[in-house]
Amino acid sequence: MKFDNIIIGGGLSGLLCGIALAREGRHVAIIAAGQSTLHFSSGSFDILGYDTGGQQVTNPFEAIHALDAKHPYHLVGIDNVPLLATQALRIFTESGLSGQGGMTHNHFRMTPTGSLRPTWFSLDDYLTVQDPESFPYRKVLLVSVPGFMDFPVSLVTEGLRRLGAQVETASMSVPSLTHRRQSPSEMRSANLAKVLARDKKLQQVAARINKAASGAEAVIMPAIVGLDSQEAVEFIRGRVQKPLHFLSTMPPSVPGVRVQTLLRKHFASLGGVYMLGNTVTGGRIKDGHLHFVETSLLPDERLEADDFVLATGSFASDGLKANYERVYEPVFDLDTTAPADRMQWVSPSVFDDQPYMYYGVRVNASMQALKGGRAISNLYAAGAVLGGHNAARQADGAGVDMVTALRVAQRI
Ligand SMILES: Cc1cc2nc3c(=O)[nH]c(=O)nc-3n(C[C@H](O)[C@H](O)[C@H](O)COP(=O)(O)OP(=O)(O)OC[C@H]3O[C@@H](n4cnc5c(N)ncnc54)[C@H](O)[C@@H]3O)c2cc1C
């Protein structure tokens, strides 16, 4: 089987790269072993939330100039980051995702534990805060679902009170949600969103919210609506009589799954082939060139392409692995930035900045992956597999994915 381009990994970076290439008329395949970290993400997209000293960043495009030379933004050129990030937003819009932010300044999103984190772009339906000193609502209704443990109401209430809001809480259910409670494992955000996908159910929930919200200026509820499209979100927002905002829950992330689904649909609409559940097990590299890859589902088939992109993520997605002896890249055994001495991989305190979070595959200035110190001319790397930063600490995960994926697409 022959494609123009094969992308290994179907997360944010693989999908954006695939869409950018397919838009150019290329015949592109994305091979994805499983779900990506989008399924755990917040529904907000970070460029840079914290500088290297841990201080909150207001203007991320200004602050990235002070980043360490190893940061992957340097691979695309610091001055190119705003343009590439804006191109990513254009792809979001084409895919049917609308949002807020995405300009020069960060805003805040509220986490499920009620704390505020700076971010760059958030989906439209999300509660965002421009300035914690001037939260626009004095009275809010916080809606919860009985038996749903992945949205800690007390912590969110505290978070909203810190913003100066009076918080009233209301428990909301409909018969089919009550039925799900019989099995506690069913009470996960994605399952609730499947129940709340139909107009009738949403109408019932909206009616109950309206009854409880008479004294509130706005309604806030967990992100349990809109698993695979924006329509259910718009439907309920159109029926609740007060401004309705969603807050992220503990994983799985309904907005994250929505982003993944809509990007994937857009990729397919451009003629892209998405092979889910298929793992790239290896490939033939000869004379610094990757000739084909082999996969778990098509063991007798050589998948050939002119260019390949490695977008397999970090440790969480098996893009990198570790054993007692080494940190390694499991598909091609590419060079990594991890030191040989395993004592250097971790800091003694779990609260420290952990060195292993910065590991990734080695690439040259053209973002071609290195093996044995030599570049593989048609194998590029993008996204979290690159390393050089700590997304949890710096709040720059999606930014790295967006700009490195689109830069690789330009290079191919
Ligand atoms: C829990 C969590 C929450 C996060 N939340 C946010 C957030 O709210 N905002 C934000 O900006 N950033 C967030 N990030 C960071 C950001 O989401 C990640 O940096 C980013 O999603 C990584 O995208 P990726 O496409 O590079 O890799 P991934 O999302 O990890 O995707 C890798 C893909 O490669 C596939 N794969 C791996 N190996 C193979 C193989 N051999 N063959 C085929 N496929 C393979 C995997 O199955 C997966 O589909 C979060 C990260 C984590 C871990």
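**Entry 1: the model.** I'm working with a predicted model, and I count residues from 1 along each chain.

**Entry 2: strand S12.** I started with S12, which covers residues 244–247. Buried here means under 20% relative accessible area.

**Entry 3: its neighbour.** Next I looked up what S12 pairs with. Strand S11 (residues 218–222) runs parallel to S12, and 4 bridges join the two. One pair I noted down is valine 219 with leucine 244 in S12. With helix H9 (residues 231–239), S11 and S12 make a β-α-β unit, and this unit is right-handed.

Entry 4: Strands of a sheet pair through backbone hydrogen bonds, parallel or antiparallel.

**Entry 5: an open sheet.** I then turned to a sheet of 3 strands in the order S3-S7-S4, where the pairing is antiparallel. Which strands sit at the edges? S3 (44–45) and S4 (99–101) do, each pairing on one side only. Between S3 and S7 (residues 121–123) I have 2 bridges. Serine 44 has serine 122 in S7 as its bridge partner.

**Entry 6: the second largest pocket.** I looked up its volume and got about 610 Å³. It has 28 lining residues, and Lys70, His71, Tyr358, Gly387 and Gly388 are the closest to its centre. Helices H3 (73–76) and H11 (391–394) each give at least two residues to the lining. Sorted by class, I get 12 nonpolar, 10 polar and 6 charged residues there.

Technical notes
This is a predicted model: local features need pLDDT of at least 70, side-chain atom pairs count only at pLDDT 80 or more; totals for chains, interfaces and linings use all residues. Side-chain values use heavy atoms; hydrogens and water are left out. Buried means under 20% relative accessible area, exposed over 50%, partly exposed in between (1.4 Å probe, protein chains only). Two strands pair if DSSP finds at least two bridges between them. A crossover is right-handed if, with the strands pointing away from the viewer, the path from the first strand over the helix to the second runs clockwise. On a 1 Å grid over the protein atoms alone, a cavity is a set of points where a 1.4 Å probe fits but cannot get out, and a pocket is an open set with protein on both sides within 12 Å along at least five of seven lines; lining residues have an atom within 4 Å of a point. Grid points are joined across faces, edges and corners, and a volume is the space filled by probe spheres set on the points. Ala, Val, Leu, Ile, Met, Phe, Trp, Tyr, Cys and Pro count as nonpolar, Asp, Glu, Lys and Arg as charged, and the others, Gly among them, as polar.
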